[in-house]
Amino acid sequence: MHGVRPPSPRDDREKPVPAPGTPAATAGPGPATVAVAGSEFGWGSSGKLSAVLAALRERSPRPLRFVGLASGLGRPLLDQHAIDRWYDLPAGAPAKECADAVAKVVEAERIDAAVVVLDGPAAVALETAGVPTVFVDSLPFLWTEGDLPELPLEVSVYCAQQCVELPQECLGVLGSVRELRWVEAVIGAPPVSPAGPAEPRRSRPEPFRRALLNLGGLRAPDLADWTRYPEIVVPAVLEALATYGVREVHVAGNLPAALAARLCAASDADLDITAGPLSHGEFLHRLDTCDLLLTSPGLTTLLEAGSLSVPTVCLPPQNLSQIFNGRFHSRAVLADVRVVWPPAVFAEDEALARRSQGEEAALQVIYGGITAAAQEHNLSRSVAAVRDGVFQALRRASAGAEWGGLAARVGTGGAAQVAGILLDVLDGEPLAGPSGPRAPRTFQEGIDVHD
């Protein structure tokens, strides 16, 4: 997702899970209470929650209050939505302990419904506690039979985000979902500037002069040292941008200030470089006003850039889903604007083959390769290879592409659609049954199913 400031120290809105018998936080008639939760894998989940909460605020006929579960990584991204209270759940605890903790929050806060992005265990725990839950799956193309134990197949509504391609092995997984709904891309929109809409993209200068380098959340479960990726990629991108002729660049992402300063100071590139975290709204504004985005290929970021037709170069992937995202993006924009790791780091096809054993097996290939590439004896060679790849991608991007192609393929109305589904759940509206016995709703036009 995008850069935000690092999590702030605990304040009076955050408190531990309440002890049994704690009085409910609200009593009598009042606003509906919605629990929100997202995966701690990068910032994509929090970006989608932000978009859904904004849509709920616009559309709900009655007041809503929000209670957050966990999300130390993505929590600051949601500050603008005035989450009423955050609860820390036991990290790394057995499922039963987490479920008990969620049940206590549900009782204390009188939770009416929940929206969860990509955090299967949290969705299951909420449903088990009697809370109707809307689960948002932005990666339905990723799952195989090995991932079934982690997916909340029995939630009240399982919203799968439209995708460009749906591999054959995903069909059986989605066919196991009890109540599946396909939705368009769940993304945010940039704030309206007091100066009016941005200058039309087609009249902006080329070659590119003002760039945004986005590294996303950079953290993932079981990733011991997530600084390895930026240690390779940031110097490589800065060198390539200077060689190309870009004049200024902002480095956004979950980079500690000291690391960002060191990486930028070490560059002798002739660039005006700034660095620092951005809120979701700030990121969208900067995205809307830059000439070029270079980003680790998180899907939410690619879709937000596509909705604004921003020229985009996909940097080497950080994880399994980003391999798919980068390939989908290049195919949709009709241009090869993807930077891949050199074979000495890891082979994408090997990682994809491992996913039949579950996502974790594939991640071992990816994380291991990046870690080895950032070792001191490999670092300069790795930086040079990525730099050359970025420069070639910049040249291809400057020739033009269908920059809105990815967003056009999957639509951009998903935040409103998920909000509408959640409001129906809150109102007790009956949900339409699936279109066939245990079968996913139609893979709508524009989705390819491949062997």
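Student: Is strand 10 mostly covered or mostly open, going by how many of its residues are buried?

Tutor: Mostly covered: 4 of the 5 residues in strand 10 are buried. Buried means under 20% relative accessible area, exposed means over 50%, and partly exposed is in between (1.4 Å probe, protein chains only). Strands (E, at least two residues) and helices (H or I, at least four) are DSSP runs, numbered from the N terminus.

Student: Before we go on, what sort of model is this?

Tutor: This is a predicted model: local features need pLDDT of at least 70, side-chain atom pairs count only at pLDDT 80 or more, and totals for chains, interfaces and linings use all residues. Residues are numbered from 1 along each chain as its sequence is written, and side-chain values use heavy atoms, with hydrogens and water left out.

Student: Which strands does strand 10 pair with?

Tutor: Strand 10 (residues 210-214) runs parallel to strand 13, with 4 bridges joining them. Strand 10 also pairs with strand 11 in the parallel sense, over 5 bridges. Two strands pair if DSSP finds at least two bridges between them.

Student: Who sits across from Leu212?

Tutor: Leu212 has Leu293 as its bridge partner in strand 13, and it stands opposite His250 in strand 11.

Student: OK, strand 13 then. Which way do its side chains point?

Tutor: In strand 13 (residues 292-295), Leu292 and Leu294 point one way and Leu293 and Thr295 the other, and all are buried.

Student: What do strand 13, helix 8 and strand 14 make together?

Tutor: A right-handed β-α-β unit, with helix 8 spanning residues 299-307. A crossover is right-handed if, with the strands pointing away from the viewer, the path from the first strand over the helix to the second runs clockwise.

Student: What about the loop between helix 8 and strand 14?

Tutor: Ser309 is found in that loop, and its phi is near 55°, a positive value in a residue other than glycine. Most residues other than glycine have a negative phi. Ser309 is partly exposed, with a relative accessible area of 29%.

Student: Where does Arg110 sit, and what's its phi?

Tutor: Arg110 has a positive phi of about 55° although it is not a glycine. It is found in the loop between helix 2 (95-109) and strand 5 (113-117), and it is partly exposed, at 43% relative accessible area.

Student: Switching to helices. Which residues of helix 6 are buried?

Tutor: In helix 6 (residues 257-265), Leu259, Ala260, Leu263 and Cys264 are buried. Looking down the axis of helix 6, those buried residues fall within an arc of 125°, so they line one face of the helix. The arc is that of the directions from the helix axis to the C-beta atoms.

Student: What's on the other side, and what covers the buried residues?

Tutor: The face turned away carries the exposed residues Ala257, Ala258 and Ala265. The cover over the buried residues of helix 6 includes helix 5 (228-244), strand 11 (248-252) and strand 12 (272-275).

Student: How about strand 7, which residues are buried on each face?

Tutor: Val157, Cys159 and Gln161 are buried on one side, and Tyr158 and Ala160 on the other. Strand 7 pairs in the parallel sense with strand 6 (residues 133-137) over 4 bridges, and 4 bridges join it to strand 9 (residues 180-183), also parallel. Tyr158 is the bridge partner of Phe135, and has Leu180 as its partner in strand 9.

Student: Last one: where is pLDDT under 50?

Tutor: Over residues 1-29 and residues 433-451. pLDDT is the predictor's confidence in each residue, from 0 to 100. Where pLDDT is low, the predicted coordinates should not be read in detail. The protein chain averages a pLDDT of 82, and 79% of the residues score at least 70.

Note on methods
Contact = heavy atoms within 4.5 Å.
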